[in-house]
Amino acid sequence: MNNYTLRDITRPSGGFAMLAVDQREAMRSMFVAAGAKAPVADQVLTDFKVNAAKILSPYASAILVDQQFCYRQVVEQQAVAKTCSMIVAADAFIPGNGIPVDSVVIDKNVDAQAVRENGGKALKLLVLWRSDEDAQQRLAMVKEFNQLCHAHGLLSIIEPVVRPPRCGDKFDREQAIIDAAKELGDSGADLYKVEMPLHGKGTQPELLAASQRLNAHISMPWVILSSGVDDKLFPRAVSVAMTAGASGFLAGRAVWSSVVGMPDTELMLRDVSAPKLQRLGEIVDEMMARR
C-alpha cells in the first residue's frame with residue numbers, strides 16, 4: 001500500500017487550493033439566513049454540495065466533503081473532477097449550549113479503508129481549542145486520528161478552531177490561535193488548517209506580522225480557512241498568509257457563500273463561485289513561484 005503525500009492534494013506549483021463543502025448545520029443556517037423557509041431539508045444541503053463538487057472541483061486541488069450529507073452521493077455520482085483529490089471529514093459534531101458544534105470527537109462511522117477505496121486521499125479532523133479544557137485530551141485525540149489516517153496510507157489534516165473558555169468571559173482570539181498552534185503545531189499531522197489572524201482585516205503589515213507569529217509555532221505545512229473572513233478580503237489574506245509561510249488555503253465560504261439560497265444555483269456556482277476559486281488558485285501559484 002502506497003502512502004499518499006501532500007503532493008497528492010496540491011496544485012502542480014506545490015501550493016494548496018482546496019475547497020471545503022463539509023459544513024453541516026452551519027450551512028443549513030446559511031440557507032435560512034438567505035431567506036429559505038425553515039426547516040431546510042437535508043436534500044437541499046446535499047444538492048448544493050454535490051453541485052458545488054461537480055462545478056468547482058475542476059478548479060481545486062482537493063475538495064473536503066462530509067459523510068453526513070454528501071460523501072456517498074459525491075462518490076456515486078463521480079462528482080469530483082479527476083484532477084481534484086477528495087478529503088473526507090472524520091469529525092462528529094456534538095451540539096450543546098445552544099450551538100451546533102459544542103464539542104467534537106472522531107467519527108467512528110467513517111471507514112478509512114473505504115475512503116481510500118473510494119479515491120479519498122486524506123481525512124480531516126476539527127479540533128475545538130479552549131484554554132480551560134484539557135490539552136492532553138486534545139493531543140490524544142489528534143494522535144489517535146493521525147494513527148487512523150496513516151494506518152491506511154491517508155493524509156492527516158487537523159483544523160484547530162479556537163473558542164472562548166467555558167468558564168469566565170475573557171477571550172483573546174488572536175492569542176488563542178497562537179496558543180493552539182504552540183500546542184498542536186507539532187502534533188504529527190501532515191497539514192494544519194488554521195483560522196486567519198485578525199479575521200483578515202487591518203493593514204497588510206499588521207496581517208503579515210500576525211501571520212508570521214503564527215508561522216513560528218507551526219512545524220508542518222499550513223493553510224488558512226475562510227470562515228470569519230469577508231470573501232472580498234480573502235484573496236489578500238491568502239497572499240499575506242503565504243508571504244508569512246502558509247502554503248495555500250482550504251476554504252468554502254469565501255468561494256460559495258454568496259450564492260447559497262440563490263435561484264439557479266448551478267448557474268451561480270459557474271458564474272460567481274468558479275471565477276473566485278480560479279483567482280485564488282492563481283494567487284497560490286503566484287506566491288509559490290516566489291519561493
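In the chain, residues 24 or more positions apart make up 71% of the contacts with a separation of 6 or more. This is a predicted model.

### Overall build

The chain holds ten helices and ten strands. Its radius of gyration is 18 Å, close to the 19 Å that the globule rule gives for 291 residues, so the chain is as compact as a globular protein of that length. Along its principal axes, the C-alpha trace spans about 45 × 40 × 40 Å. Of the 291 residues, 52% are buried. The chain exposes about 12700 Å². Carbon and sulfur atoms supply 51% of that area.

### Helix α8

Helix α8 covers residues 234-244. Its buried residues are Phe 234, Ala 237, Val 238, Val 240, Ala 241, Met 242 and Ala 244. In an α-helix there are 3.6 residues a turn, so residues three or four places apart point the same way.

### Cysteines

How many disulfides are there? The count is zero. A disulfide is a covalent bond between the sulfur atoms of two cysteines. The cut-off used here is a sulfur pair within 2.5 Å. For Cys 149, the closest cysteine sulfur belongs to Cys 70 and lies 18 Å away, so the two are too far apart for a bond. Is Cys 149 buried or exposed? Cys 149 is buried, at 0% relative accessibility. Cys 167, by contrast, is exposed, with a relative accessible area of 60%.

### A loop residue

Gln 78 sits in the loop between α3 (71-76) and β3 (85-89). Its relative accessibility is 68%, so Gln 78 counts as exposed. Lys 54 is 24 residues from Gln 78 along the chain. The C-alpha atoms of this pair are separated by 8.3 Å.

| Residue | Relative accessibility | Class |
|---|---|---|
| Cys 149 | 0% | buried |
| Cys 167 | 60% | exposed |
| Gln 78 | 68% | exposed |

Note on methods: Residues numbered from 1 in each chain as written. Predicted model: local features only at pLDDT ≥ 70, side-chain atom pairs only at ≥ 80, totals over all residues. Heavy atoms only, no water. Buried < 20%, exposed > 50% of the residue type's maximum accessible area, 1.4 Å probe, protein only. Helix = DSSP H or I, 4+ residues; strand = E, 2+ residues; numbered from the N terminus. Rg over C-alpha atoms; globule rule 2.2 N^0.38 Å. Contact = heavy atoms within 4.5 Å. Areas by Shrake-Rupley, 256 points an atom, 1.4 Å probe, with all protein chains shown as cover.
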